[in-house]
Amino acid sequence: QVHLVESGGGLVQAGGSLRLSCAASRNIVSVNAMTWYRQAPGKQREWVAAITGVGMTNYKDSVKGRFTISRDIAKNTVYLQMNNLKPDDTAVYFCSWGWGASWGQGTQVTVSS
């Protein structure tokens, strides 16, 4: 079983930036992908970004060009750099091992207009 801890959320104005971190208790290249999801109030959890074991990345269309997923293998940590944030990005952001196999506790991101 893997333990994931997210950090880096907060309150930011529209157009601002935040960097989320997800520290894993296991080697992050041993899994097929590390992923970020988010869940806004009253909405279903949705996938946001992924980085595969070989380092390929993919993004939800609405965040392409604004969000960047990356990783530090030595630290077993995955990051989500979020730029040009919009109020619609407000949600609890979750890190996932694989495609939902294990979850962190989530970190709140609030973007004010």
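Student: Where is the bridge partner of S70, and which residue is it?

Tutor: Look in β8: S70 has Y79 as its bridge partner there. Strands are DSSP runs of E with at least two residues, and helices are H or I runs of at least four, numbered from the N terminus. Before we go on, this is a predicted model, where local features need pLDDT of at least 70 and side-chain atom pairs count only at pLDDT 80 or more, while totals for chains, interfaces and linings use all residues. Residues are numbered from 1 along each chain as its sequence is written, and side-chain values use heavy atoms, with hydrogens and water left out.

Student: When do two strands pair, and over how many bridges do β7 and β8 do it?

Tutor: Two strands pair if DSSP finds at least two bridges between them. β7 and β8 have six, in the antiparallel sense.

Student: What is the strand order in the open sheet?

Tutor: It's β1-β3-β8-β7, four strands with antiparallel pairing. β1 (4–7) and β7 are the edges, each pairing on one side only. β3 and β8 pair over six bridges, and L18 has M82 in β8 as its partner.

Student: Is β3 mostly covered or mostly open?

Tutor: Mostly covered: five of its seven residues are buried. Buried means under 20% relative accessible area, exposed is over 50%, and partly exposed lies in between (1.4 Å probe, protein chains only).

Student: How many disulfides are there, and which residues do they join?

Tutor: The rule asks for two cysteine sulfur atoms within 2.5 Å. That gives one disulfide, C22 to C95, with S to S at 2.0 Å. It links distant parts of the chain, from C22 in strand β3 to C95 in strand β9, 73 residues apart. The S-S torsion is about -75°, so this disulfide is left-handed. C22 counts as buried because its relative accessible area is 0%, and C95 is buried at 0% too.

Student: What about the largest nonpolar core: how many residues does it have?

Tutor: Such a core is a set of buried Ala, Val, Leu, Ile, Met, Phe, Trp, Tyr and Cys residues joined through side-chain atoms within 4.5 Å. The largest one here has 29 residues, and M34, W36, L80, M82 and Y93 have the most contacts inside it. Among the strands that each supply at least two of its residues are β3 (18–24), β8 (77–82) and β9 (91–97).

Student: Which residues does Y93 touch?

Tutor: Contact means heavy atoms within 4.5 Å. Leaving aside neighbours within four places in sequence, the contacts of Y93 include W36, L80 and M82, along with E6 and R38.
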